[in-house]
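Q: I would like to learn how to read the strands and the ligand site of a model such as this one. Could we begin with the terms and then turn to the case itself?

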Amino acid sequence: ATKKRSSFAIQTLTTWLLKQEQARNIDAELTIVLSSISMACKQIASLVQRAGISNLTGVQGAVNVQGEDQKKLDVVSNEVFSNCLKSSGRTKIIASEEEDVPVAVEESYSGNYIVVFDPLDGSSNIDAAVSTGSIFGIYSPYDECLADVDDDSTLDRTEERCVVSVCQPGTNLLAAGYCMYSSSVILALTVGNGVFIFNLDPLYGEFVLTQVDVKIPRAGKIYSFNEGNYLLWDERLRAYVDSLKEPAGAGGKPYSARYIGSLVGDFHRTLLYGGIYGYPRDQKSKNGKLRLLYECAPMSFIAEQAGGKGSDGHRRILDIKPEEVTNSLTYYLTID
Ligand code: P6P
C-alpha cells in the first residue's frame, strides 16, 4: 500500500509563538512584543520592496548619533519599529540605533520589556536593492526606570536610568532575532531554545516556519571580511586571512570570499553555509564598527544558539556589558 504522505501542517510565527507560550518558554507579554516586531518587519519589508517606486531611496539629509548619514528609509523604518513596539503596550523602554538615547515608553502603554533594535541595518545598500535587515534584542528591565517625570531635572534622571536599564550584557537577552529583506524575507528568531527560521509568504503575508533548530555547519569554505581595510588591519589578522587564500592540498580550493557589506546578509549566509564572518577593528575604526548593543549582542545570542560563537577575538561577546549605547567593537562570528 502506498505510504500516505503525512500532511505537513504549516506552522506560522503566530502558532509557533503560542506553542512557545504553552511550553512556558515565553510569557504572554513577550509573545505580544514578538508579534509586534514581526508586524514592524512586514511593514518594513513592503517599504523596502517599493523604495524605488515611492521615492524612499536616497538620504534623509541628517546624521544619526552613530555619525552615519541617515537614509530616508532609516527614519521611516525607525518610526515603524517604534510605533509597533509602543502600541503593543508591553514595552517599557525602546532603544534604537537611530535614536540619540533610549526612550521610556509613556506610562499609559508601559509594559515589562526593553527592546533594542537597529531598524534597518545595511541601509547604504538600499539604493542598489542589495540585502538589508532589521536586528532586535529583548531584555527585562534592570530596575524601575520610569519615574514620574514632573520637571526637567527628573527627565535627566529618567533618561540616565533608562540608559542604565538598557546597557545589559548579552547574557541577559531573553530573545533576539533579525529580519532579512532579500530575495526572500527571512525572520530568524531565538527565545533561548534554538534558532528558528520563518519565510514571509507574500501570498498571505504570514511568516511561515521553514527551518527548525538551525545549526551552523562545522566545516565552512567561506570567509567574509571587508578586505578593503586589509592594509589597516593588524599583522596577525592579515596573516590569518592570507592563510585562507592558500590553495588547499589534494585538489581542494582555498576559501571563497563573500562580503555583502550588510551584516544581516553576511551573518545569515554564514549561519546557513558556515565559515567565518568578521568586522575587525582597524586603524580607521579603532574599536571596530559594529555596535555591541544593537548588532553584536543579538547576533551573538543567535550564533551561540546555533552552535557557533560571537567573539571580539578575546572575549565572548555576550559577556561584555556596554558602557554606553553607542559602544562598538571588533566582531567575529565563527563556528569555533
Ligand atoms: P563597511 C552597515 O552600515 C553596517 O553597519 C553593517 O550592516 C555592515 O556589515 C557594515 O556596516 C559594512 O561596513 O565598512 O564594510 O561598509
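A: Two strands are said to pair if DSSP finds at least two bridges between them, and strands themselves are DSSP runs (E, at least two residues) numbered from the N terminus. This is a predicted model, in which local features need pLDDT of at least 70 and side-chain atom pairs count only at pLDDT 80 or more, while totals for chains, interfaces and linings use all residues. Residues are numbered from 1 along each chain as its sequence is written, and side-chain values use heavy atoms, with hydrogens and water left out.

Q: How many bridges join β9 to β10, and in which sense do they run?

A: Strands of a sheet pair through backbone hydrogen bonds, either parallel or antiparallel. Here β9 and β10 run antiparallel and are joined by five bridges, with I197 having Q211 in β10 as its bridge partner. Four residues lie between the strands of this hairpin, where G205 takes a positive phi near 60°.

Q: Which strands make up the open sheet with β10 in it, and in what order?

A: Eight strands form that open sheet, in the order β4-β3-β5-β6-β7-β8-β9-β10, and the pairing is mixed. At its edges stand β4 (103-104) and β10 (206-211), each with a single partner strand, so one side of each has no neighbour in the sheet.

Q: What can be read from the pairings on either side of β8?

A: On one side, β7 (residues 175-181) and β8 (residues 185-190) pair in the antiparallel sense over six bridges, and Y178 has A188 in β8 as its bridge partner. On the other, β8 and β9 (residues 196-201) also run antiparallel, joined by four bridges, and L189 stands opposite F196 in β9. The hairpin of β8 and β9 has five residues between the strands, and in it G192 takes a positive phi near 100°.

Q: What is the order of the open sheet of five strands?

A: The order is β12-β11-β13-β15-β14, again with mixed pairing. Its edges are β12 (256-257) and β14 (309-311), each of which has a single partner strand, so one side of each is left without a neighbour in the sheet. Strand β11 (residues 222-224) pairs with β12 in the parallel sense over two bridges, and Y223 stands opposite A257 in β12.

Q: Which residues are around the ligand?

A: A residue counts as near a molecule if one of its heavy atoms lies within 4 Å of it. The residues around the ligand include D121, G122, N226, Y259, Y277 and E295, and by class (Ala, Val, Leu, Ile, Met, Phe, Trp, Tyr, Cys and Pro are nonpolar, Asp, Glu, Lys and Arg charged, and the others, Gly among them, polar) the shell has five nonpolar, four polar and three charged residues.

Q: Which side chains have an N or O atom 2.4 Å or 2.9 Å from a ligand oxygen?

A: A polar contact is a pair of N or O atoms within 3.5 Å; within protein, one must be able to donate a hydrogen and the other to accept it, and residues adjacent in sequence count only if both atoms are side-chain atoms. An oxygen atom of the ligand lies 2.4 Å from an N or O atom in the side chain of D121, and for the side chain of N226 the distance is 2.9 Å.
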